[in-house]
Amino acid sequence: MTGRTKVLVFQNRFLLGGQERQTVLNVLTMDRSRFEPVVACLTPDGELVAELATAGIRPIAFDVGGSMLRPQAALAVARLARFVRANGIAVVHAQDLYSNTLGTLAAGLAGVPVIVTRVDLNHSVVGYKRPVLAWVSRRADRVLVNALCIRELAIREGVEPDRIVVVRNGLDLEAFDRAALAAPQAPAPEPGGVVCVANMHHPVKGQIDLLLAMKEVLRERPGAHLVLVGDGVRRPHLERSARQLGIAARCHFLGHRLDVPAILARAAVAVSSSHAEGISNAILEAMAARLPVVATAVGGSPELVRDAVSGHLVPPGAPAPLARRIGDLLASAPRRRRMGERGRRLVEREFSLDQMRRSYDAIYEDLTGLKVPRVMYGAA
């Protein structure tokens, strides 16, 4: 193979989300002397499209009309397969349920290898979509996961273990640290808060548990305050719940924010109250900001938060232990500093941008024959 290897990175949409950010990070950090990223999507919208545009990348859209069950989806698969053949694409790297499905079918028609990406435990994959995702995963040349718990799920679905590769999320620590030093945008929360960064689209994020826990924390520490970063259809319900619990004055709903590192840098404790998670970018960023983390012991969170080392693990759906651990950390600044430093070291050691980049490169090399360093973090 001569010249640069073309990798088709296929995403549904480019919204503000952890998985979408990892896709953009992969595209922007590819070594252009060896790889040529070609970006395709189903819907060319989302806040992260602008970030790709700054690098001169414009996603090519293959619209399926909003559903994989419509005839338009079959036409999109055929168009995508023709595009792959006509443009010399060497490997298709799909990123989510829809692109995994359509990308696998198109790659099969075009005769090129395909990578499907799995980054959660299917909490939002319901109905016919679950068996479809399992079938697609069994057909893929590689299944890329970011947590051991997702690897185990794929194996239970019948995927051969030697085709599953664990690639940890990458965090650009230099860029993160620069952003953390900047002043937060208005409205800026007061320093020393308990912060939770999570979307508000689905009850799986467990914000109601956190509000209940915060009511208990405030009984002992009336000066404490909760900062909730994120937005979604459940936000009015959560704001109403805070009022009904009598804690609205100590709860700050900030909505979507682009200055999350600056907010984290001024907080005291980070919380993840989810009922299901893969590898949480919110937890990773909190640890990068040297915050101790109180997290529910679900999914990939125990792979990040080491109990009583870099934070505390609590059962999901249990506000009382959540409140107790938040209160413990608020009561001891030295303990917060020790745990925060340990968390930062873990991110530096296991979730660096370089680690992620070399892992992606190794997968592309395995599937295309391009000679690059064979370093694959976490493969099993």
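Visitor: What is the relative accessible area of Glu-216?
Guide: This is a predicted model, where local features need pLDDT of at least 70 and side-chain atom pairs count only at pLDDT 80 or more, while totals for chains, interfaces and linings use all residues. Residues are numbered from 1 along each chain as its sequence is written, and side-chain values use heavy atoms, leaving out hydrogens and water. With a 1.4 Å probe and protein chains only, buried means under 20% relative accessible area, exposed over 50%, and partly exposed in between. Glu-216 counts as partly exposed, as its relative accessible area is 38%.

Visitor: Which residue does Glu-216 meet in a salt bridge?
Guide: A salt bridge here is a side-chain nitrogen of Lys or Arg within 4 Å of a carboxyl oxygen of Asp or Glu. The N to O distance is 3.2 Å, and the partner is Arg-219.

Visitor: Which residues do salt bridges with shared partners join into one network?
Guide: Side chains of opposite charge can pair when their charged atoms come close. Here, salt bridges that share partners make one network out of Asp-31, Arg-34, Arg-357 and Asp-361.

Visitor: How many residues apart are Arg-13 and Asp-45?
Guide: Arg-13 and Asp-45 form a salt bridge, with 2.7 Å between the closest N and O atoms. Arg-13 lies in the loop between strand E1 and helix H1, and Asp-45 in the loop between strand E2 and helix H2. Helices (H or I, at least four residues) and strands (E, at least two) are DSSP runs, numbered from the N terminus. The pair links distant parts of the chain, the separation being 32 residues.

Visitor: Are Glu-277 and Lys-205 buried or exposed?
Guide: These two residues form a salt bridge, their closest N and O atoms lying 2.9 Å apart. They link distant parts of the chain, 72 residues apart. Both Glu-277 and Lys-205 are buried.

Visitor: Which helix gives the largest share of the lining of the second largest pocket?
Guide: On a 1 Å grid over the protein atoms alone, a pocket is an open set of points where a 1.4 Å probe fits, with protein on both sides within 12 Å along at least five of seven lines; lining residues have an atom within 4 Å of a point. Residues lining the second largest pocket include Arg-336, Arg-337 and Glu-341. The largest share, five residues, comes from helix H14.
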